[in-house]
Amino acid sequence: MDTRKLTEILRATIDPNQRQQAEEQLHQIHKIIGFAPSLLQVVMLSDVDMPVRQAGVICLKNLVSQHWAEKEPAEPGQPIPFSVHEQDRAMIRDAIVDAVVHSPELLRVQLSLCVSCIVKHDFPGRWTQIVDKISIYLQNPDGSGWSGALLCLYQLVKNFEYKKPGERAPLNEAMNLLFPMIYQLCVRLLPDPSEQSVLLQKQILKIYFALTQYSLPLDLISREAFSQWMEIVRAIADRPVPEETNSVEEEERVDLPWWKCKKWALHIMHRMFERYGSPGKVTKEYKEFAEWYLVTFSGGLIEVLLKILDQYRNKIYVSPRVIQQTLNYINLAVSHAHSWKFLNPHMFTIIQDVLFPLLNHSKADEELWFSDPYEYIRVTFDIFEDFVSPVTAAETLLHSACKKRKGILPKTMAFVMQVLTSPNADRRQKDGALHMVGTLADILLKTKFYKEQMDKMICQYVFPEFESPHGHMRARACWVLHYFSEIKFRPDEMLAEAVRLTTKALLEDADLPVKVQAAVAIQMLLTNQEKAKKLYEPKIKKIALELLNVIRETENDDLTAVMQKVVCIYTEQLMSLSVEICQHLAATFTKVMDTDEGSDEKAITAMGLLNTVETLLTVMEDHPGVIAQLQPIVLQVIGLIFSQSVMEFYEEALSLVYNLTSKAISPDMWKVLEMMYNVFQKDGFDYFTDMMPALHNYVTVDTPAFLSNENHVLAIFNMCKAVLNGDAGEDPECHAAKLLEVIILQCKGQIDQCIPTFVELVLNRLMREVKTSELRTMCLQVVIAALYYNPSLLFDALDKVCVPIPADSSTPAITSPESPQAVTTPAPPGTVTAHFVKQWIHDTDCFLGLHDRKLCVLGLCTLVNSPGCRPNAVLECAPQIIPSLILLFDGLKRAYAAKAQEDDEEEEESEESDAEDQVLASDEDEIDEVGPDYLQRMQDRINKASTNSPFSVTATIEDEDSEDDSDDDDDEEYDPSEETALESYTTPLDEENCTVDEYVVFKEVLQNIQATDPSWYQLLTSNLTMEQQKALQEVFLLADQRKAAAESKRIEQSGGYVFHQQTVPTSFKFGGSPLGR
């Protein structure tokens, strides 16, 4: 391809008048063989203008990232999607490392992204030479190639950064060659303090961090090699920054390479200690290594860190990230006796001279407060800021030291009181002292000595600050009160004062950050002080409206939680305001959606607003008049989300639809069903499980309206069909089958024409591979529900249905992971029925929970009690039917017992533990009791569960070798967790006033068969063992007791006399153990 012509096309792309035509030309030629290498050639031509080369490198990066990998057609028969030809790929692979090495900085970043993409798809298979190329450049004494080679190596390592140890073999093989090289290069560079040298050192440290942050390959990095690297890291952290850097503005110093290099050195130190060097907190493969690390490195590294802190306390500049990582390391060291002995003599000095100044209201804080209060609020509440903030690191270290090490808390509190009582302390220092008190709140409230005095301290030192002329002090007073909201205010007037001050701060303060902190304090007082609810009530309408204004102004997510709390507590009082509240929330949501900046924060805020709207709907659900007024406002929000396909909020929008359909369904809400159907068709079935609660409402809340328009039924059937015939995964498929079952049971006698279609759909799904027993039983349940609906209709449908079945008719008709390739033939009449019945009987023990077992019992009762249309397969399975029913009743007995226990259980309040019990002696280590050992216990539970599972459980807990040392669990042990999420999608059989009792039905059916068809009764019961016969009589006895209890309840509810409560045993013991299979 002509590079000159390509250069001119690229030049035209940066001319606004020619751009569109030039981009069309590129689109026409980008599939031609030779295009990609020619593009790289243009990028590397030094005589071409830089903007043209930049346009070329971006075009190349897009081509590689989008079309490098070979793709399969979306569907069979469709053309194969374009990918770069192998001939071109080979040429690019051969030249790309050289291109990165020789390109200027402006182009290098984009070219390195190409390297990353090529490594992802071609290493090691087609591109082992990248390792040779990098090694040649690293060994070259000419340093001009080092930067590019290190960047390529970084991209290679980054591709494996988050992979499991077992998947890292190709990288480890490459690093066997390259790792010693980068170490030698770093040693060679260390004495050179120039900017270029330090930038190379920083790149080497980034490679080391990416290689080791999630897995430390001990076979690649010996203890000797690790020690050498830790010495490099220690030296970089320890060395002084060149004097000339002090002439740079402080805001810009943080970006200087010397400070960035230090930051990466400390980042590595902290990560090595945290993940591999903390005994008691590491996974077992690092247990021995951790003990060696602690003893070997603690003294030397802590000495360097103390020097850094000493610089800070002597007002010598240290970058914020370096301080943060230093404090993070020391925080880990507090937990271990060996490292604590190096820290102990210095800890109080660190608190007084490092942590305290960090926790003061700084000049930068002050400047931001006045120049941009919105940004001040965002930074204050930004959880992402916590990961990099030295202030958060200072809070964490202060808390750890006071909680874990004896004597630190009393000294700290004495220092705090000294500051608060000193006439010479300025407002910033008082802010710092109160910041320390709030940080230690949970420890102080669990320590008897301080707990008794906290109300006095609040009264004496916090309340006065609400009247401070300085906004930051008023905000700090609110903040401290929020953290001490649990204290016992004595006398009650003190609580009244707290309520008055926080209300005034929210309603009247001129500074927005104060209003925000006041709102959070109000939320916490409402949460923790029962008497506060009455005290806030007189002004609650003003509080709610002001909250809405502040939410709208700040778009702060924490405030939406405050609003939810207020709405939940003062539902009645806010009823008249609910429409205004909803309008505010909807308007704020629309405003947030229209802003482009800060997508993560925008999403969090928008989600909070939607959750608050949902709370409003939930608390007002018993007031249909209010809901009717709220509905049009909420529908605007739902419409905005669906019409603009804002997928990240589909879940919340569907929750709102659920709320608006839970009691009644208006004509507008039926239109929303159509909107949901369009969303489903447009965005696939990814959101089907999120739609399920609302779809269940549409079927069950107003069934006559649902059935009045056949499009309603058709829309839901088409969704279920798409899920069951597609590759949505078995969880959505279970939901789809459940929805079909709900429709059948909800519309009994009204949808005869739908039954054959429903049944054929689930049977076809059963003929394909089914991995879990949940999906298999859920599909069977649809057929069982159809049997319960109308047996003759079902058997007629089964005879006509056209589904393939396994050629060997003696085996169950359902494929499994072990036999997905079963040979199939068209089914003769009666065969499908036979397979269904046999599979059902075979899978009886897979039906779990109350609903599934109850339906299974009712289905089997219908099956044995249909003399006119009883299939031959039922006769064949006759001896197994009653034993299967006994097994189901045994499960029901346990399920009812668990439900009764669940209903009776009251929440136990956790006992307060004294903080003094958690203090470690100087020679004690803190052990993480739920860290790596927890993973091991979880793995054992999974292994244990899979032993008796009817399907293959292959889940594993990573970071830990699994050892199954547990005894087999007996099937008798009932696990309440077997109640699936699908149980919440109720049917008429699950309602509290349901008159269909499976025990009673079973007894009546069996007695009826005994009286009218003795030979059939004989066939069903003749093979029962003595144990089974006894169990059968016990089921009959329980049926009588349940019937009597139901009758007593009916008479009581109708206003008649009350029977003495008849005891219905919930833990009735059937004879012997349940039947095994």
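Guide: A search of the whole structure finds 49 salt bridges, a salt bridge being a side-chain nitrogen of Lys or Arg within 4 Å of a carboxyl oxygen of Asp or Glu. This is a predicted model, in which local features need pLDDT of at least 70 and side-chain atom pairs count only at pLDDT 80 or more, while totals for chains, interfaces and linings use all residues. Residues are numbered from 1 along each chain as its sequence is written, and side-chain values use heavy atoms, with hydrogens and water left out.

One of these salt bridges joins the side chains of Lys531 and Asp492, at 3.1 Å from N to O. The pair links distant parts of the chain, 39 residues apart: Lys531 is in the loop between helix H29 (512-528) and helix H30 (532-536), and Asp492 is in helix H28 (residues 492-508). Helices here are DSSP runs of H or I with at least four residues, strands are runs of E with at least two, and both are numbered from the N terminus. Lys531 counts as exposed because its relative accessibility is 51%, and Asp492 is partly exposed at 42%. The terms are set as follows: buried means under 20% relative accessible area, exposed means over 50%, and partly exposed lies in between, with a 1.4 Å probe and protein chains only.

A further salt bridge is formed by the side chains of Glu546 and Lys515, again with an N to O distance given as 3.1 Å. Glu546 lies in helix H31 (residues 540-554) and Lys515 in helix H29, so this pair ties together parts that are 31 residues apart in sequence. Glu546 is buried, because its relative accessibility is 18%, and Lys515 is buried at 10%.

In the salt bridge between Arg776 and Asp843, the side chains meet at 2.7 Å, N to O. Here the linked parts of the chain are 67 residues apart, with Arg776 in helix H43 (residues 773-789) and Asp843 in the loop between helix H45 (831-842) and helix H46 (849-864). Arg776 has a relative accessible area of 10% and is therefore buried; Asp843, at 1%, also counts as buried.

Salt bridges also link Glu70, Glu86, Arg89, Arg93, Asp122 and Arg126 in a network.

The setting is a chain with 51 helices and two strands. Of its 1077 residues, 51% are buried. Among contacts between residues at least 6 apart in sequence, 75% join residues at least 24 apart, where contact means heavy atoms within 4.5 Å.

The largest nonpolar core has 358 residues, and Met175 and Phe226 have the most contacts inside it. Such a core is a set of buried Ala, Val, Leu, Ile, Met, Phe, Trp, Tyr and Cys residues joined through side-chain atoms within 4.5 Å. Helix H14 (residues 287-313) gives the most to this core, with 13 residues. Beyond its neighbours within four places in sequence, Met175 is in contact with residues including Leu153, Val157 and Ile207.

Helix H14 also holds Ser298, which is buried, with a relative accessible area of 1%. A polar atom of the Ser298 side chain lies 2.6 Å from the backbone oxygen of Leu294. Leaving aside neighbours within four places in sequence, Ser298 is in contact with Tyr293, His338, Ser339 and Phe342.

Definitions and conventions. Polar contact = N/O pair within 3.5 Å; in protein donor to acceptor, adjacent residues only side chain to side chain.
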